[in-house]
Amino acid sequence: MYLTSEQIQATNKANMETLLAIANAQFAAFEKLANINASAVKSAFEDSIANTRALLGAKDVQEFVTLQNAFAQPAIEKAIAYSKSVYEVATEANSEFSKVTERRVAEWNENFVTLLDQVSKNAPAGSDVAVAAVKSMLAAGNAAYNNLTKVVKQTTEIAEANVAAASETVKGLAKAKKPA
């Protein structure tokens, strides 16, 4: 069994397409993170200017303390929103990477099984057992990979639920501490 130049070229093209898909997904994630960070810095700067002006206009210590306490709640909410946004971008990028990887692994497995079938046709008598053993090992490896993928997805779902629960808890604590 010899590889033809067309097969090598097709494999190289598929590998390059995979790399480009991953690079595009990562660039999009970096772009989103940059936008989130720029927005957060701009908002923090504007808030600090407004807060400083408000504090400078305080008539007495009580008003100064009241203003400081009033600034805490929006800051906490913005921090939570920022964290959620960053987490969403990271989760989305991870999901895209997983899709590309799963697709590529499936293609590789299909090509490998096809290659094994072609080799077994030209193999000497009695080599069927070895080919069957390799196919069995491949099937076991695929099953393990699928189980690992399911565990990672379940872990991600649990982490997302925990992030949502923690965000709600922090919001609840911040509202409970709000001055009356």
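Biologist: Why is Glu107 called partly exposed?

Modeller: This is a predicted model, so the value is computed from it. Glu107 has a relative accessible area of 32%. Buried means under 20%, and exposed means over 50%. The value of 32% for Glu107 falls in between, so the label is partly exposed.

Biologist: What makes Glu107 and Arg104 a salt bridge?

Modeller: Their side chains meet at 2.9 Å, N to O. The cut-off is within 4 Å. So the pair of Glu107 and Arg104 at 2.9 Å counts as a salt bridge. Both residues lie in helix H2, three residues apart. That is about one turn of the helix.

Biologist: Is Arg104 buried or exposed?

Modeller: Arg104 is at 18% relative accessibility. Buried means under 20%. So Arg104 counts as buried.

Biologist: How many salt bridges does a search of the whole structure find?

Modeller: Three. One of them joins Lys32 and Glu92.

Biologist: How do you know that Lys32 and Glu92 form a salt bridge?

Modeller: Their closest N and O atoms are 2.4 Å apart. The limit is 4 Å, so the pair of Lys32 and Glu92 qualifies. Lys32 lies in helix H1 and Glu92 in helix H2, so the pair ties together parts 60 residues apart in sequence.

Biologist: Why can such side chains pair at all?

Modeller: Side chains of opposite charge can pair when their charged atoms come close.

Biologist: Why are Lys32 and Glu92 called partly exposed?

Modeller: Lys32 is at 34% and Glu92 is at 45%. The label covers values between 20% and 50%. So Lys32 is partly exposed, and Glu92 is partly exposed.

Biologist: What makes Asp47 and Lys78 a salt bridge?

Modeller: The closest N and O atoms of Asp47 and Lys78 are 2.4 Å apart. Asp47, at 28%, counts as partly exposed. Lys78, at 38%, also counts as partly exposed.

Biologist: Where is Pro74, and how far is Pro74 from Asp47 in space?

Modeller: Pro74 is in helix H2. Pro74 and Asp47 are 9.6 Å apart, C-alpha to C-alpha. In sequence, Pro74 and Asp47 are 27 residues apart.

Biologist: Which kinds of residues form the contact of H1 with H2?

Modeller: The contact of H1 with H2 has 19 nonpolar, nine polar and six charged residues.

Biologist: How do you know that Leu19 is exposed?

Modeller: Leu19 has a relative accessible area of 53%. Exposed means over 50%. So Leu19 passes and is exposed. Leu19 is in helix H1. With Met16 and Leu20, Leu19 forms a nonpolar patch on the surface. Together, Met16, Leu19 and Leu20 have about 300 Å² of accessible area.

Biologist: And what makes Ile80 buried?

Modeller: Ile80 is at 9% relative accessibility. The limit for buried is under 20%, so Ile80 counts as buried. Ile80 lies in helix H2.

Methods:
Residues are numbered from 1 along each chain as its sequence is written. This is a predicted model: local features need pLDDT of at least 70, side-chain atom pairs count only at pLDDT 80 or more; totals for chains, interfaces and linings use all residues. Side-chain values use heavy atoms; hydrogens and water are left out. Ala, Val, Leu, Ile, Met, Phe, Trp, Tyr, Cys and Pro count as nonpolar, Asp, Glu, Lys and Arg as charged, and the others, Gly among them, as polar. Patches are made of residues with over 30% relative accessible area and no salt bridge: like charges are joined within 9 Å, nonpolar side chains (Val, Leu, Ile, Met, Phe, Trp, Tyr) within 5 Å. Accessible areas come from the Shrake-Rupley method with a 1.4 Å probe; for residues, only the protein chains shown count as cover. Helices (H or I, at least four residues) and strands (E, at least two) are DSSP runs, numbered from the N terminus. Buried means under 20% relative accessible area, exposed over 50%, partly exposed in between (1.4 Å probe, protein chains only).
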